[in-house]
Amino acid sequence: MEAVNDQRPVNDRFLRALARQPVDRTPVWIMRQAGRYLPEYRATRAKAGDFMTLCRTPELACEVTMQPLRRFALDAAILFSDILTVPDAMGLGLYFAEGEGPRFERPVTDEKAIRALPVPDPNDSLGYVMDAVRTIRDALAGSVPLIGFGGSPWTLATYMVEGGSSKDFARIKALIYDRPELGDMLLGTLAEASAQYLSAQVAAGAQAVMVFDTWGGVLPPAAYQRFSLDPMTRIVERIRAEHPGVPVILFTKNGGQHLERMADTGCDGLGLDWTTDLGAARARVGDRVALQGNLDPSMLFASPARIREAVGETLASYGAGPGHIFNLGHGITPGVDPEHAAAMIEALHELSPVYHQQG
């Protein structure tokens with residue numbers, strides 16, 4: 001492991017919870033904690049001019065990563081980037097259309113395109129991400145851990161084949177159902193690229209990594225195993241082999257039915273969305289993995305008093321003992337009042353210590 005990762009952060013609750021070790025209170029971070037709900041983020045994005053310039057400028061990526069940590073008492077930072085940087089580095093021409101989300105200029109449409117996909121060198125075409133990781137680690141100065149991340153191979157494949165966001169995933173599903181061997185080839189290339197990408201983030205200073213499988217939940221069980229979970233398993237195995245001790249979190253949105261199989265990958269933690277009962281999930285996986293989640297992001301539109309109740313309900317659902325990282329069940333919604341996020345975090349700090357008393 002690189003020397004940059006040898007330094008244990010002053011606040012290591014997040015890492016201890018991932019290792020299912022005792023903590024004094026439940027650690028918390030927020031998916032998309034650097035985002036449009038913060039006025040300071042919107043100002044920095046306006047300064048950058050566009051989203052990808054913000055991602056590709058390490059100093060600006062560092063600035064927006066640090067902004068929520070200045071405002072809230074969080075237990076981890078997460079790299080500011082985008083899951084689609086890998087396919088962009090493969091030459092597909094990522095851009096963001098106003099009101100339409102991410103799009104690719106050159107989507108993957110046939111076997112020839114799949115066979116031609118390169119595995120990008122993460123320290124070359126994705127070097128700006130590694131520069132951002134190093135810059136953020138310096139800015140954190142050992143205060144809290146830094147989480148690196150990437151999209152799951154399946155999720156990346158959906159955007160690459162569909163050309164952008166999709167409602168029915170008709171093109172990618174037609175590919176894997178009609179030509180499953182071609183789907184295996186595409187997912188294999190993406191698993192290799194993603195494993196190299198995440199490994200490089202760890203080498204640059206990320207102290208944990210998370211795989212976002214945003215669209216795995218649209219697959220039936222057998223297809224989920226083959227085209228989503230098996231490629232993620234390869235990533236987990238690579239990180240564990242190349243960076244022993246660096247934890248890996250897997251998150252499949254709408255994937256609560258797959259938790260046991262996800263735990264079988266050897267990962268350290270599972271992210272849960274709000275459609276899965278936290279206590280039931282704990283009963284199913286036991287102490288094999290930590291669990292992260294899983295307050296409904298829309299709860300932050302409720303009153304601070306109701307948010308406090310919901311935090312208490314989430315903590316009670318998990319119960320006493322280690323292995324819980326508090327988070328939303330998906331990314332924070334852009335229209336949320338930052339004061340409501342603060343109310344959630346303050347409630348957690350007040351209510352969670354009783355669940356970690358020893359003896």
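Let's start at H340, which is found in helix α15 (residues 338-351); helices here are DSSP runs of H or I with at least four residues, strands are runs of E with at least two, and both are numbered from the N terminus. The model is predicted, so local features need pLDDT of at least 70 and side-chain atom pairs count only at pLDDT 80 or more, while totals for chains, interfaces and linings use all residues. Residues are numbered from 1 along each chain as its sequence is written, and side-chain values use heavy atoms, with hydrogens and water left out.

H340 is buried, with a relative accessible area of 16%. Buried means under 20% relative accessible area, exposed means over 50%, and partly exposed lies in between, using a 1.4 Å probe and protein chains only. Leaving aside neighbours within four places in sequence, H340 is in contact with L300, F301, A302, S303, P304 and I307, where contact means heavy atoms within 4.5 Å.

D88, in helix α5, also counts as buried, at 16% relative accessibility. Leaving aside its neighbours within four places in sequence, D88 touches M52, R56, G93, L94 and F104.

**The sheet and its helices**

Seven strands form an open sheet in the order β1-β4-β5-β6-β7-β8-β9, with parallel pairing. Because β1 and β9 (324-328) stand at the edges with a single partner strand each, one side of each is left without a neighbour in the sheet. Two strands pair if DSSP finds at least two bridges between them. β1 and β4 pair in the parallel sense over two bridges, and I78 stands opposite I147 in β4.

Helix α10 lies across β4 and β5 (208-213), running at about 170 degrees to β4. For such angles, axes are lines fitted to C-alpha atoms, for helices over the stretch in contact, and the angles run from 0 to 180 degrees between N-to-C directions.

Helix α7 (residues 127-140) has 14 residues and reaches 20 Å from its first C-alpha to its last, close to the 20 Å expected at 1.5 Å a residue; the expected span is 1.5 Å times one less than the number of residues. Its buried residues include Y128, V133 and I136. The buried residues of α7 pack against several elements, among them α3 (51-56), β4 (146-151) and α10 (180-204).

**A hairpin and a pocket**

Strands β2 (residues 94-97) and β3 (residues 101-104) run antiparallel and are joined by four bridges. Y95 has R103 in β3 as its bridge partner. The two strands form a hairpin with three residues between them, and G99 in the turn has a positive phi of about 80 degrees.

Which residues lie nearest the centre of the largest pocket? They are R32, R36, F51, D82 and F96, out of 35 lining residues. The largest pocket holds about 1200 Å³ of space, and α2 (39-48), β2 and β3 each supply at least two residues of its lining.

Most residues other than glycine have a negative phi, and most peptide bonds are trans.

| Residue | Phi | Place | Relative accessible area |

The peptide bond from G293 to N294 is cis, with omega near -10 degrees, and N294 lies in strand β8 (residues 290-295).

Key:
On a 1 Å grid over the protein atoms alone, a cavity is a set of points where a 1.4 Å probe fits but cannot get out, and a pocket is an open set with protein on both sides within 12 Å along at least five of seven lines; lining residues have an atom within 4 Å of a point. Grid points are joined across faces, edges and corners, and a volume is the space filled by probe spheres set on the points.
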